Amino acid sequence: MANPSLQFGEFGGRYVAETLMPAVEALAEEWPKAWSDPTFTGEYTAILRDYAGRPSTLTEAKRLADALGMEPGGRLLLKREDLNHTGSHKINNCVGQVLLARRLGKTRIIAETGAGQHGVATATVCAYFGLPCTVYMGARDVERQALNVFRMQLLGATVVPVEAGSATLKDAINEALRDWVANVDDTHYVIGSVMGPDPYPTMVRDLQRVIGDECKTQVAALTGGLPDAVVACVGGGSNAMGIFAAFVPDASVALYGVEAAGEGLEGKHAATMTAGKLGIYHGMRSLVLQDAGGQLQEAHSISAGLDYPGVGPEHAHLHETGRAKYLSVTDAQCLESLSQLAQTEGIIAALETAHAFAALPAILDEVGRDKVVVVNVSGRGDKDMHTVMDAMKPDTDSSSTEQPS
Ligand SMILES: *Cc1c(COP(=O)(O)O)cnc(C)c1O
């Protein structure tokens with residue numbers, strides 16, 4: 001029997017400090033109202049159109065389809081979130097949450113960031129609205145992601161290095177929660193993925209489902225029907241939930257999430273769905289990588305955006321019910337696919353995104369090579385070029401651009 005206070009089967013919930021409960025409850029009450037208010041959604045849609053560049057295009061990848069051995073009738077279609085302002089899907093969520101913060105009368109924005117992509121998107125939207133923005137970032141990540149730290153500062157944000165714990169993303173989240181507790185009256189916390197306490201997983205999914213809604217219309221215009229499979233990479237899970245949301249009710253559409261297997265499932269990785277256990281962390285009940293003592297484990301992936309030991313509760317539910325399938329691919333497979341996509345289609349994807357492509361051979365084996373398959377291109381690869389250069393030249397010194405772990 002499902003617990004009624006959990007939103008996604010046995011996953012979800014609202015596990016926050018007493019002092020935050022009123023703010024989280026206010027968000028939970030206001031979000032459905034805002035989302036059904038045409039003034040709010042009208043403004044959100046207009047900003048995504050005029051500022052972020054939506055709708056993002058759908059590109060047919062014929063040469064990659066050939067390289068993967070797709071057969072007559074088979075089509076490989078790419079949903080191009082890499083073409084958005086700031087280079088990924090993250091802007092969709094930030095625009096919506098900052099609009100909601102304004103509606104709630106909040107005058108200050110905080111966010112956490114791992115590699116800096118969510119921090120940059122939040123700082124961007126805060127500059128657009130003229131709101132002060134503080135971004136918490138693990139001290140190790142601050143060192144390793146100097147360019148994104150400078151971007152945020154150039155956009156007018158304050159970046160606070162967090163020295164606690166392993167000085168990475170999970171510690172930055174704890175520190176952002178602490179700031180929120182202290183400043184909850186005037187501050188909104190923009191969480192960067194479909195995670196955290198209710199209503200964040202629902203709200204971020206709603207704000208990202210524009211990807212799936214557009215995609216459904218675009219695929220229908222091209223093929224006259226639904227795709228047979230939809231594929232996306234999964235870190236916290238927001239780009240995947242955004243494209244999945246439109247197709248979950250269509251039972252004929254197979255949904256595939258792809259996690260980071262890092263050095264391999266026997267070594268250091270970030271494959272939460274494959275190797276995680278039930279736990280309560282960062283305000284939610286979901287699957288999480290934990291050690292024998294139940295402590296959050298360090299994750300590893302060559303891709304900073306997938307390098308998180310947890311996953312959004314709705315993915316845990318889709319996994320448990322079997323509606324979506326989750327695969328994992330290694331750093332090495334990711335790099336191979338990044339090159340293959342670049343050389344067959346002229347698209348340099350983010351390392352996160354390349355994971356989705358690396359799972360295509362296994363997915364095509366399963367669904368068939370004469371099917372219509374959509375891949376969500378969650379972001380562009382400019383930010384990753386140093387990492388990729390180092391990884392592809394194993395003999396040169398790689399100490400300066402090591403990825404967060
Ligand atoms: C942040 C990021 C991800 C991972 O986040 P999700 O919430 O799982 O989507 C994936 N791709 C890109 C390009 C990102 O910047």
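This is a predicted model: local features need pLDDT of at least 70, side-chain atom pairs count only at pLDDT 80 or more; totals for chains, interfaces and linings use all residues.
Residues are numbered from 1 along each chain as its sequence is written, and side-chain values use heavy atoms, with hydrogens and water left out.

Let's start with the ligand. There are 16 residues around it, and Lys-90, Ser-193, Gly-237, Ser-238 and Ser-378 come nearest (a residue is near if one of its heavy atoms lies within 4 Å of the molecule). Sorted by class, that shell has 11 polar, 3 nonpolar and 2 charged residues; here Ala, Val, Leu, Ile, Met, Phe, Trp, Tyr, Cys and Pro count as nonpolar, Asp, Glu, Lys and Arg as charged, and the others, Gly among them, as polar. Both domain 1 (2–48 + 90–200) and domain 2 (54–87 + 209–396) give the shell at least three residues each, with the bounds taken from an automatic or database domain assignment.

Now for the polar contacts, meaning pairs of N or O atoms within 3.5 Å. Lys-90 puts a side-chain N or O atom 2.6 Å from an oxygen atom of the ligand. A polar side-chain atom of His-89 sits 3.0 Å from a ligand oxygen, while Gly-237 uses a backbone N or O atom, 2.7 Å from an oxygen atom of the ligand. On its own the ligand has 390 Å² of accessible area, and the protein covers 97% of that (Shrake-Rupley method, 1.4 Å probe).

Next, the backbone. Which residues does the cis peptide bond with omega of about 0° join? They are Arg-54 and Pro-55, and Pro-55 belongs to the loop between α2 (38–52) and β1 (58–60). Helices (H or I, at least four residues) and strands (E, at least two) are DSSP runs, numbered from the N terminus. Another cis peptide bond links Asp-198 to Pro-199, with omega of about 15°; Pro-199 is found in the loop between β6 (187–190) and α9 (200–208).

One last stop is Thr-86, a non-glycine residue with a positive phi, near 75°. Thr-86 is in the loop between β2 (75–80) and α4 (90–103).

Terms used:
A polar contact is a pair of N or O atoms within 3.5 Å; within protein, one must be able to donate a hydrogen and the other to accept it, and residues adjacent in sequence count only if both atoms are side-chain atoms.
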